[in-house]
Amino acid sequence: MKTRIDLMHVTPGIIQAMLGLERQVRRARFDHKLIDLVRMRASQINGCAYCLDMHSKDARANGETEQRLYGLHAWRETPYYSARERAALEWTEELTLVAETGVPDDVYERVREQFSEDELAHLSLAIVAINGWNRLNIAARTVPGDYVAGSLANLDPVAVER
């Protein structure tokens with residue numbers, strides 16, 4: 001497999017824009033494990049190999065267990081996830097598949113039991129961001145495998161311009 005577009009070097013403005021979304025998501029101060037699960041689940045649905053490679057490595061570095069990562073696709077049938085994580089995963093699926101589901105009111109009500117309005121807005125932005133990253137990496141055909149856990153956690157957007 002060969003990369004079509006080197007997003008980090010050819011299009012730094014796009015990376016900066018996406019990092020702006022990530023900075024806003026960080027302001028919500030979600031537990032890393034929750035956000036890692038959201039990123040993994042959306043990337044599973046979208047089939048983004050690069051993001052699955054990246055976020056599985058980051059999740060393990062953040063203390064996530066192999067069992068929970070392996071069971072993520074079948075999260076409804078496993079006891080490994082908290083009520084808050086289940087709500088986040090359900091919201092992730094609904095927003096990722098929005099054209100199919102339209103985000104029903106009953107799902108919204110279940111999610112609101114676990115998240116404040118501000119948290120839900122930030123969770124939604126996190127889902128928008130990972131779906132954007134998935135689409136960019138799939139379009140660019142970014143090759144998975146070489147990502148080192150945590151290497152983008154403190155990426156300086158100014159440094160990307162250089």
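Student: Leaving aside neighbours within four places in sequence, which residues is Val111 in contact with?

Tutor: Those are Ala87, Trp91 and Leu120, where contact means heavy atoms within 4.5 Å. Before we go on: this is a predicted model, in which local features need pLDDT of at least 70, side-chain atom pairs count only at pLDDT 80 or more, and totals for chains, interfaces and linings use all residues. Residues are numbered from 1 along each chain as its sequence is written, and side-chain values use heavy atoms, with hydrogens and water left out.

Student: Why does Trp91 count as buried?

Tutor: Buried means under 20% relative accessible area, exposed over 50%, and partly exposed in between (1.4 Å probe, protein chains only). Trp91 has 7% relative accessibility, so it counts as buried.

Student: And why is Tyr108 called partly exposed?

Tutor: Tyr108 comes in at 30% relative accessibility, so partly exposed is its class.

Student: What makes the pair of Trp91 and Tyr108 tilted?

Tutor: Rings of Phe, Tyr and Trp (its six-membered ring) pair if their centres lie within 6.5 Å; planes under 30 degrees apart are stacked, over 60 edge-to-face, and the rest tilted. Here the centres are 6.2 Å apart and the planes at 55°, so the pair is tilted. Trp91 sits in helix α6 and Tyr108 in helix α8, 17 residues apart.

Student: Why is the pair of Tyr80 and Tyr81 edge-to-face, then?

Tutor: Their ring centres are 6.0 Å apart and the planes stand at 65°, so that pair is edge-to-face. Tyr81 is buried at 5% relative accessible area, while Tyr80, at 30%, counts as partly exposed.

Definitions and conventions. Helices (H or I, at least four residues) and strands (E, at least two) are DSSP runs, numbered from the N terminus.
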